[in-house]
Amino acid sequence: MLTVVVYHYVRPIKNSAYPGMKGLDNRLFIKQLDYVITHYVCVTVADVVAAFYQDQPLPKNSVLLTFDDGYVDHYQYVFPELMKRGIQGVFFPVKQATLEHHMLDVNKIHFILASVLNKLQLVEEIDRFVRDREGEEALYQYKQKSIYHDEWDSSDICYIKKMLQFLMPASERKLLLERLFEKHVQCDEVSFAKQLYLNLAQLREMHAHGMYIGGHGVNHVHFSNLSLEQQEFEIRGSLDFLSYFYPRSKYFTFCYPYGDYNKTTLAILKKYQCALAFTVDSGMMDCDEQNALQIKRIDTNHFLKLAETQTIDG
């Protein structure tokens, strides 16, 4: 069985400019790595490909560490610690964020939420925007589609995320996100993106030292909302981006933005001979070729609960 762990933000959090940001404190990440090398065998992408396609057995308690979205955190706090321990990390940057300093919607939402203590204020701002532009009935319909909470977020935060991610029409979401980001984060988007995301030079350095770079789309969007042509654009664009690191003949890996994909996505990935594709579905994996494009991962918040309960002070 293979355990694949997924990380996003790994950074100092408590005393940072955004203490409300949900992420893994870098000191706790170090404790997790120490736990991993004691109780698991860290494997590489090449090992996993061989296991899925060549029936090469993996060691008992194998683990693969993956890092989504291409944050500069991964260069500053993750890469050095992996190097110290001889661990290959698998990194999934987004093309537009890396090459064009484009702020991803998902990150705009994260930093808006981290900047506003009273989440009800954001709910009211979203409601007011919808009433003014679409009317009371449209707002009622949105509310009916977003009445729930999950293990990560309250009902208010779930509502904010759903409205700003996919419930509202794309043009309206874009306008509202720009307004909220400008008001609450108060930073130029390009400047903010340059500080938030890995740049090409950093990724090339990481790759040169044994880290693996995979595809994560051009724009980080929900694939199930896209046409075949739009999905192909996202995947083909990822392949073009990966040519900075690998020859065209090299197999490639892909990570579904938001964990969202459908049969069309799978067909396109097969067309371009994608070797491995990673979801956000939770669980461990049998290395069966039929499952190679639907690999489950365990979120760091579920992984190593014992390690996470240890103090990170001092």
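A crossing of two helices is left-handed if the near helix is turned anticlockwise from the far one by less than a right angle, and right-handed if clockwise. In this predicted model, helix 5 passes helix 9 in a left-handed crossing, whereas the passage of helix 12 across helix 13 is right-handed. The geometry of the two pairs is set out below.

| Helix pair | Residues | Axes come within | Crossing angle |
|---|---|---|---|
| Helix 5 and helix 9 | 105-115 and 170-185 | 9 Å | roughly 40° |
| Helix 12 and helix 13 | 228-242 and 263-271 | 10 Å | roughly 45° |

On the side of helix 5, the contact is made by Asp105, Lys108, Ile109, Phe111, Ile112 and Ser115, and helix 9 contributes Arg173, Leu177, Glu178, Leu180, Phe181, His184 and Val185. Sorted by class, this contact of helix 5 with helix 9 has seven nonpolar, two polar and four charged residues.

Helix 12 and helix 13 are likewise oblique to each other. Here Leu228, Gln231, Glu232 and Ile235 of helix 12 meet Thr264, Thr265, Ile268, Leu269 and Lys271 of helix 13, and by class the contact between helix 12 and helix 13 has four nonpolar, three polar and two charged residues.

Aromatic residues can be considered next. A search of the whole structure finds 22 aromatic pairs, and one aromatic cluster is formed by Tyr9, Tyr18, Tyr71, Phe111, Phe181, Phe192 and Tyr197. Among these cluster members are Phe111 and Phe181, which also take part in the contact between helix 5 and helix 9. A ring is also involved where lysine 143 lies over the face of tyrosine 159, at 4.0 Å from the ring centre.

Definitions and conventions
Residues are numbered from 1 along each chain as its sequence is written. This is a predicted model: local features need pLDDT of at least 70, side-chain atom pairs count only at pLDDT 80 or more; totals for chains, interfaces and linings use all residues. Side-chain values use heavy atoms; hydrogens and water are left out. Axes are lines fitted to C-alpha atoms, for helices over the stretch in contact, and angles run from 0 to 180 degrees between N-to-C directions. Helices (H or I, at least four residues) and strands (E, at least two) are DSSP runs, numbered from the N terminus. Contact means heavy atoms within 4.5 Å. Ala, Val, Leu, Ile, Met, Phe, Trp, Tyr, Cys and Pro count as nonpolar, Asp, Glu, Lys and Arg as charged, and the others, Gly among them, as polar. Rings of Phe, Tyr and Trp (its six-membered ring) pair if their centres lie within 6.5 Å; planes under 30 degrees apart count as stacked, over 60 as edge-to-face and the rest as tilted. A charge sits over a ring if NZ of Lys or CZ of Arg is within 6 Å of the ring centre and within 35 degrees of the ring normal. Angles under 35 degrees count as roughly parallel, over 145 as roughly antiparallel, 65 to 115 as roughly perpendicular and the rest as oblique.
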